[in-house]
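Colleague: Can you walk me through this fold? Start with the sheet, please.
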Amino acid sequence: MADTRIQLEVEDWVRRYWMPKQYGTKFSRERLTLRSGGVFDFDAVSEDHSIVATISTSGSKTSGGKHAVGKILKLRSDMLFLTMVEAQHRVIILTEQDMYVQCQKEAAGGRVPPEIEFICADIPDDLRVRLVAARLKASSELSVNVVVDT
């Protein structure tokens with residue numbers, strides 16, 4: 001089973017250190033009420049609730065070099081929830097430059113709500129090394145052929 005602790009550690013670092021430096025305020029993980037009446041757990045919400053963000057540590061390609069369609073669909077889901085919350089700024093923080101470039105292409109092609117902003121956070125090298133290693137390990141676990149008894 002893939003270990004996702006490093007992804008959570010990276011998200012936490014972005015929320016605790018990178019975002020306050022970028023925006024000048026503290027952020028926390030928070031469940032907010034949506035305009036439709038439901039709720040959603042956002043990765044980062046500013047103290048005054050003016051900035052609401054999700055954080056993604058995913059790259060735009062699979063280990064086999066194909067487009068990471070599932071990861072793009074997850075970001076589209078995040079966009080939906082961001083458009084359903086009251087906030088002055090709706091942000092998707094990406095830690096991978098290739099995903100940032102892909103999202104910018106999507107936005108330039110008119111496939112992103114105009115109120116969504118993409119930002120690429122530069123994470124420390126030690127976190128990046130561990131994140132890449134975890135991604136490679138998870139990829140190798142998925143590519144192993146499993147024999148199932150029938």
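Modeller: Helices (H or I, at least four residues) and strands (E, at least two) are DSSP runs, numbered from the N terminus. This is a predicted model, where local features need pLDDT of at least 70, side-chain atom pairs count only at pLDDT 80 or more, and totals for chains, interfaces and linings use all residues. Residues are numbered from 1 along each chain as its sequence is written, and side-chain values use heavy atoms, leaving out hydrogens and water.

Colleague: How do β1 and β2 pair, and over how many bridges?
Modeller: β1 and β2 (residues 39-46) are antiparallel, over 6 bridges. Arg31 sits opposite Asp41 in β2.

Colleague: What is the strand order in the sheet?
Modeller: β1-β2-β3-β4-β5, in an open sheet with mixed pairing. The edge strands are β1 (27-33) and β5 (116-120), each pairing on one side only.

Colleague: Switching to helices. At what angle do α2 and α3 pack?
Modeller: About 60°, with the axes of α2 (residues 69-83) and α3 (residues 97-108) 12 Å apart. Axes are lines fitted to C-alpha atoms, for helices over the stretch in contact, and angles run from 0 to 180 degrees between N-to-C directions.

Colleague: Which residues meet there?
Modeller: Lys71, Ile72, Leu75 and Arg76 in α2 meet Met99, Gln102, Cys103 and Glu106 in α3. Contact means heavy atoms within 4.5 Å.

Conventions
Pairing = 2+ DSSP bridges.
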